[in-house]
Amino acid sequence: DGNIEYLGRTDDQVKIRGYRIELGEIEAQLAAHPLVAHGAVVVREDVPGDKRIVGYVVPEPGFDAASVRTDLAAVLPDFMVPAAIVAVDVLPRTVNGKLDRRALPAPDFGSAVATAYRAPATALDDDFFERGGHSLLAVSLVEKLRARGVPV
């Protein structure tokens, strides 16, 4: 009838918060890390409207998620660094041998990106961005703080 239906992309390029991201680039850096035996990168939207990049790895001995994330941050732009790195025993596969994205566990952003303990300087001290925050969440956070009368 002359109408065109957009059925989606056939590559792994995604758009998150205005950035076009090729997941394969992130996956290549993750897989090349010496503490990673196998890796995969997916975009999760566990909270509607909050898309986050998550890396899943089968770890090598001595694996440390925070260290891998720090190393990725040294070679990738900030918007491409996974919000969490999750260690799994194996990457789940479909019967066709493809990555089974639905079988991957949801990350616990509190522990998946945790770094070595550092005593807080104040009662409110923590790294918002290390905990998976981004600019759009920051705006929402500031508005919620203002609504509660917290000076920002």
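Modeller: Start with D50: leaving aside its neighbours within four places in sequence, D50 is in contact (heavy atoms within 4.5 Å) with R44, E45, H134 and L137. This is a predicted model, where local features need pLDDT of at least 70 and side-chain atom pairs count only at pLDDT 80 or more, while totals for chains, interfaces and linings use all residues. Residues are numbered from 1 along each chain as its sequence is written, and side-chain values use heavy atoms, with hydrogens and water left out.

Biologist: Which element is D50 in?

Modeller: D50 sits in strand 4. Strands (E, at least two residues) and helices (H or I, at least four) are DSSP runs, numbered from the N terminus.

Biologist: Is D50 buried or exposed?

Modeller: D50 is buried, at 12% relative accessible area. Buried means under 20%, exposed over 50%, and partly exposed in between, with a 1.4 Å probe and protein chains only.

Biologist: What polar contact does the D50 side chain make?

Modeller: Its partner is the side chain of R52, at 3.0 Å. A polar contact is a pair of N or O atoms within 3.5 Å; within protein, one must be able to donate a hydrogen and the other to accept it, and residues adjacent in sequence count only if both atoms are side-chain atoms.

Biologist: Switching topic. What pattern does the chain follow?

Modeller: Along the sequence, the protein chain reads β-β-α-β-β-α-β-α-α, with four helices and five strands. Of its 152 residues, 30% count as buried.

Biologist: Which residues touch the most other members in the largest nonpolar core?

Modeller: I21, I26 and L30 do, in a core of 17 residues. Such a core is a set of buried Ala, Val, Leu, Ile, Met, Phe, Trp, Tyr and Cys residues joined through side-chain atoms within 4.5 Å. Helix 1 (23-32), strand 3 (36-47), strand 4 (50-59) and helix 2 each supply at least two residues of this core. Apart from it lies another core, of eleven residues, including A40, V42, Y56 and V86.

Biologist: And what does I26 touch?

Modeller: Beyond its neighbours within four places in sequence, I26 contacts I21, V41, I53, L76, M80 and P82.

Biologist: Last one, helix 2. Which of its residues are buried?

Modeller: In helix 2 (residues 65-75), the buried residues are A65, A66, V68, R69 and L72. They cover an arc of only 160 degrees around the axis, so they lie on the same side of helix 2. The arc is that of the directions from the helix axis to the C-beta atoms. On the face turned away from that buried side are the exposed residues T70 and A74.
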